[in-house]
Amino acid sequence: MTIVQRIDTGNCGCEAFDAASSLISIDEALRRIARNAAPVDGTETAPLSSATGRVLAEPVRAAAMTPPFDNAAMDGYALDSTALEGDGPWRLSVVERIAAGDAAAGQVARRTAARIFTGAPVPPGVDTVVKQESVVRDGATVILDRRPLPGHNIRRAGGDMRLGETVLRDGVRLGAREIAACAAAGAARVHLRRAVRIGLLVTGSEIRQTGASREAAQIWDVNTPVLCSEFSRPDVDLVKVAQGVDDRTELRRCVADMAETVDLIITTGGISVGEEDHVKPVLEALGAEIHFSGVAIKPGKPVSFGRVRKAVWLGLPGNPLSAFVTWYVFGLPLLDVLSGRLRGSRKRHHVVTGKPICRKPGRCEIRPARIVGFDGQGREVVDFDDTVSSAHVARLPYANGLLFIPAEAEHLPEGALIEFQPFHQT
């Protein structure tokens with residue numbers, strides 16, 4: 001990562017918006033992102049051991065059947081249940097001992113048993129494994145009181161995967177569960193999408209590095225550490241981080257450089273309509289195509305999306321909570337598209353309000369919220385602050401997701417169903 005120094009859907013009511021205001025809905029913004037972004041070019045093959053967090057470029061298929069042979073599901077005794085005559089009890093000679101990794105010596109004779117351990121191959125002539133707790137061992141014999149069921153406690157060859165079976169589709173992001181499936185399929189190496197190259201430009205002459213000395217009108221930089229943390233993932237290559245003062249010449253130079261070297265430019269601040277909001281004029285001067293500018297949400301209304309030269313651009317508001325919220329609502333789905341990840345992986349679900357909501361209607365309001373328990377019907381209950389400031393983040397660590405209050409809602413009672421998007425999704 002190169003650090004550049006300072007350079008002098010839905011049921012939530014997201015479809016409701018005022019056409020005269022030119023603001024679009026959340027769902028329309030997401031549709032435009034899906035239409036106007038595409039997976040990055042380039043793939044690579046990597047060892048499975050270094051593939052966590054990356055996105056598959058090709059399906060993973062089983063290189064052999066799994067398990068490769070019939071094997072014992074637990075410690076016990078392998079025998080032929082059809083050889084047990086009468087009503088029992090039955091006394092069988094133990095003629096062999098087979099541990100995991102051992103090959104069976106040969107076929108087990110009728111009316112005998114083989115001592116077998118979990119994972120060991122089931123020898124020929126056997127149709128069941130009786131767990132050791134269900135028998136009595138008497139020297140070189142074993143005594144059974146109950147007739148075992150054929151096929152019991154045997155894991156059949158190919159019962160998990162068949163040769164050539166598609167285990168994972170392309171577009172899957174690999175986590176621990178997916179790595180387990182790849183390993184079982186014999187995929188020592190996997191074909192991956194290359195990482196998405198990102199450039200981050202945090203604007204604002206008032207911004208100072210976190211913890212540095214400040215003048216009276218200056219503030220510490222929150223957006224750079226937050227977004228750099230979001231970009232600390234294996235499918236992202238954070239190529240450049242810059243802080244830009246409110247100067248169009250310098251901002252243009254920085255954006256133009258990023259537009260030639262990255263797949264995605266993220267900016268914060270400078271996208272509203274004030275005299276000191278320079279990012280959109282800079283983008284327009286560079287010939288950018290703006291796909292939307294302004295979404296009917298609170299906070300984060302100015303959020304914008306477009307393309308400039310070789311890169312797509314997502315403009316986040318400058319206020320920290322607004323930047324955080326709009327990154328989660330729009331940035332993560334955009335990153336999914338660019339990384340080639342399967343669509344529809346980020347889901348909202350319904351929860352129940354733990355207290356009433358009273359607000360001014362008009363825009364879909366997004367509030368950090370926390371799951372605090374369950375109601376009598378087993379539905380998740382959320383708690384949240386009564387008001388939200390776009391610049392306040394002190395209570396953000398106590399939230400575990402975002403609450404979507406319908407645009408038209410002025411009052412919702414305690415116990416109302418409302419949409420919630422968890423922060424952490426696989």
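## Salt bridges

The whole structure holds 23 salt bridges (a side-chain nitrogen of Lys or Arg within 4 Å of a carboxyl oxygen of Asp or Glu). The model is predicted: local features need pLDDT of at least 70, side-chain atom pairs count only at pLDDT 80 or more, and totals for chains, interfaces and linings use all residues. Residues are numbered from 1 along each chain as its sequence is written, and side-chain values use heavy atoms, with hydrogens and water left out.

Asp263 pairs with Arg197 at 3.9 Å, N to O. Asp263 lies in the loop between helix H4 (248-261) and strand E18 (264-268), and Arg197 in strand E14 (residues 196-203), so this bridge ties together parts 66 residues apart in sequence. Helices (H or I, at least four residues) and strands (E, at least two) are DSSP runs, numbered from the N terminus. Asp263 is buried, at 12% relative accessible area, while Arg197 is partly exposed at 30%. Buried means under 20% relative accessible area, exposed over 50%, and partly exposed in between (1.4 Å probe, protein chains only). Elsewhere, salt bridges with shared partners join Glu28, Arg31, Arg32 and Arg35 into one network.

## Charges that also meet rings

Arg348 forms a salt bridge with Glu419, with the closest N and O atoms 3.1 Å apart. Glu419 sits in strand E29 (residues 417-422) and Arg348 in the loop between H6 and strand E23 (349-353), so the bridge ties together parts 71 residues apart in sequence. Glu419 is buried, at 10% relative accessibility. Arg348 also lies over the face of Phe404, 4.3 Å from the ring centre. Such a charge has NZ of Lys or CZ of Arg within 6 Å of the ring centre and within 35 degrees of the ring normal.

Lys355 has two partners of this kind. Its side chain meets Asp386 in a salt bridge (3.2 Å, N to O), and its charged end sits over the ring of Phe384, 5.3 Å from the centre. Lys355 is partly exposed, with a relative accessible area of 23%.

## A buried charge without a bridge

Glu96 belongs to strand E6 (residues 90-98). Glu96 is buried yet has no salt bridge; the nearest side chain of opposite charge, Arg97, is 10 Å away. Lys and Arg count as positive, Asp and Glu as negative; His and the chain ends are not counted.

## Aromatic pairs

Six aromatic pairs turn up in the whole structure. Rings of Phe, Tyr and Trp (its six-membered ring) pair if their centres lie within 6.5 Å; planes under 30 degrees apart count as stacked, over 60 as edge-to-face and the rest as tilted. Phe231 and Trp327 have ring centres 5.3 Å apart and planes at 80 degrees, so they are edge-to-face. Phe231 is in the loop between helix H3 (223-230) and strand E17 (236-244), and Trp327 is in helix H6 (residues 320-339), 96 residues apart. Phe231 is buried at 3%, and Trp327 at 1%.

Phe292 and Phe305 form a tilted pair, with centres 5.7 Å apart and planes at 35 degrees. Both residues are buried. Ring pairs link Phe292, Phe305 and Phe330 into a cluster.

## Nonpolar cores

The largest nonpolar core has 46 residues; Ile266, Leu314, Trp327 and Phe330 touch the most other members. A core is a set of buried Ala, Val, Leu, Ile, Met, Phe, Trp, Tyr and Cys residues joined through side-chain atoms within 4.5 Å. H6 gives the most to this core, 13 residues. A separate core has 20 residues, among them Leu201, Ala256, Ala259 and Leu283.
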